[in-house]
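Here is a friendly walk through one protein, in questions and answers. Have the viewer open and follow along.

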Amino acid sequence: MKLSKFGTKFTSDAGITSLMDDLGNAMASGEDIIMMGGGNPGFIPEVESALRERLQRICDDPTLFRKLVGVYDPPLGDTAFIKSLAKLLNNTLGWPVSEKNIGLTNGSQSAFFMLFNMFAGEYEGGAEGAIKQIQLPMTPEYIGYADAGLTEAFFRSNRPTIELLDDQLFKYHVDFEHLTIPESTGALCISRPTNPTGNVITDQELTRLDGLAREHGVPLILDCAYGLPFPGLIFSDASSYWNDNMIVCLSLSKLGLPACRTGIVIAHEDVINALAGVNAILNLATGSFGAMLAADLVDSGQILALSDNVVRPEYLRKSQAAVARLQKGLSGLPFRIHKPEGAMFLWLWFDGLPISSHELYECLKKKGVLIVSGHYFFPGLDEDWSHKRECIRITYSQDESLVARGLDIIIAEVRKIYSRA
Ligand code: PLP
């Protein structure tokens, strides 16, 4: 089969494809595989019961049911949901947004594809004529960005600085000293909390990036798929804000609705209008399912209470249990864990690991544990840096006894590898 450049690029081995293959196959196989690789959220009974109850009410109401399955929404989604969300963001966070600043997409992954390619790639001639890039101020950064550009050399990124902390922990910071934003930058983008590390950039770092973006006349895309205001998987002190140079991307996935594919973009009206045009071409309209299921939660503000009182404590507890197990099991080895400040991952750094992180992934897969090799998480960072081959990402969102079993297998394997060296 002969394919276009587009066809070739988008069918080549992408990190996100193998990750989602692993995830899908493991979740579907029913085999005894311990899935600590993907970003599937855990199953939280309180969330499930709120959604089940709402779905039942929709099914019992002929008008709502018809809207659920039988009506195209406008290109950027369910207007009632968008109105409720604008009101919630206004009233509870004081964000100066109206429904004109909000658009829904089929998952935030597709929002990133559209936004990235709206701001980076080839620009029309004249003074602006140039190839622009998405700048990631700090890697490691989300694997799902890596292959989302329609053109080559789509990302430019920076190494972080590393702060070593007590108890075998460490934390990445944006290296502002070496962060340059050239003319060729189309937008800045950072995830908060960061997938894969669980890092939460500080309020000061966020304010500084926001200032730099405005100074250089480019938007700051802030990926809050795990963050504020919902699902609120942030364990450190962090606040959030929005201004019309920021493009804040949220998602319903990590709250517990990944199958509904609902992403939320909050941005300047011009960005939302442009996104509506792209989304109409790609999708006609955004699916209604997630928005309709979550409508009452947003309208009543219950989504914030669920995030604060149920979802966040659940992940915090799981993260603390996983960290304690690793600290004990790996004691004596040259390992470090990124300070878990949010999301649902632990990022482990094995200094001087005798094999590559990808080889470690292969060894663990043979033992029935799926993790993700860290080397995928450095999009746009072409320089050789041994750190890129020394880290792995572990998801702790699934059943706690399975996670504990998986961690024990990881501990035993890593011990064996270091002892052989
Ligand atoms: N952003 C980050 C940091 C993620 O980890 C993910 C998914 O894992 C996404 C965005 C995309 O999520 P979704 O398309 O389900 O909204």
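A residue is buried if 20 or more other C-beta atoms lie within 10 Å of its own, exposed if 12 or fewer, and partly exposed in between, with C-beta atoms placed from the backbone. This is a predicted model, in which local features need pLDDT of at least 70, side-chain atom pairs count only at pLDDT 80 or more, and totals for chains, interfaces and linings use all residues. Residues are numbered from 1 along each chain as its sequence is written.

Q: Is L402 buried, exposed or partly exposed?
A: L402 is found in helix α12; helices (H or I, at least four residues) and strands (E, at least two) are DSSP runs, numbered from the N terminus. There are 16 C-beta neighbours inside 10 Å of L402, so L402 counts as partly exposed.

Q: How many helices and strands does the secondary structure of the protein come to?
A: Let us count DSSP runs along the whole protein. The total is 12 helices and 16 strands.

Q: Which radius of gyration does the protein have, beside that of a compact globule?
A: The radius of gyration is taken over C-alpha atoms, and the globule rule is 2.2 Å times the number of residues to the power 0.38. For 421 residues, a compact globule would come out near 22 Å, and the protein agrees with its value of 21 Å.

Q: What percentage of the contacts with a separation of 6 or more is between residues 24 or more positions apart?
A: Two residues are in contact if their C-beta atoms, placed from the backbone, lie within 7 Å. Among contacts with a separation of 6 or more, the share from residues 24 or more positions apart is 74%.

Q: How far apart do the C-alpha centres of domain 1 and domain 2 lie?
A: Domain bounds come from an automatic or database domain assignment. That assignment gives domain 1 as 5-47 + 307-420 and domain 2 as 72-305. Between their C-alpha centres the distance is 23 Å.

Q: Which element gives the largest share of the side of domain 1 that touches domain 2?
A: On this side, 41 residues of domain 1 are in contact with 44 residues of domain 2. The elements giving two or more residues to the domain 1 side are α2 (15-29), α10 (302-329), β12 (335-338) and β13 (345-350). The largest share, 8 residues, comes from α10.

Q: How many residues of the side of domain 1 that touches domain 2 are nonpolar, polar and charged?
A: Ala, Val, Leu, Ile, Met, Phe, Trp, Tyr, Cys and Pro count as nonpolar, Asp, Glu, Lys and Arg as charged, and the others, Gly among them, as polar. By that rule, the side of domain 1 that touches domain 2 divides into 25 nonpolar, 10 polar and 6 charged.

Q: At which residue does α10 bend?
A: With 28 residues, α10 reaches 39 Å from its first C-alpha to its last, close to the 40 Å expected; the expected span is 1.5 Å times one less than the number of residues. The bend at a residue is the angle between axes fitted to the seven residues ending there and the seven starting there. In α10 this angle is about 35°, at D308.

Q: Which elements do the buried residues of α10 pack against?
A: Among the buried residues of α10 are I303, L306, V311, Y315 and L326. The partners of its buried residues are α3 (45-60), α9 (289-300), β12, β13 and α12 (400-420).

Q: How far apart in space are I44 and V311?
A: I44 lies in the loop between β1 (34-35) and α3. Leaving aside neighbours within four places in sequence, its contacts are G256, V310, V311 and E314. I44 and V311 are 267 residues apart in sequence, yet their C-alpha to C-alpha distance is 7.4 Å.

Q: Which residue does a cis peptide bond join to P193?
A: P193 is found in the loop between β8 (185-191) and α7 (203-215). With omega at about -5°, the cis bond joins P193 to R192.

Q: Is R261 buried or exposed?
A: R261 lies in the loop between β10 (246-251) and β11 (262-266). It is not a glycine, although R261 has a positive phi of about 55°. Because R261 has 20 C-beta neighbours inside 10 Å, R261 counts as buried.
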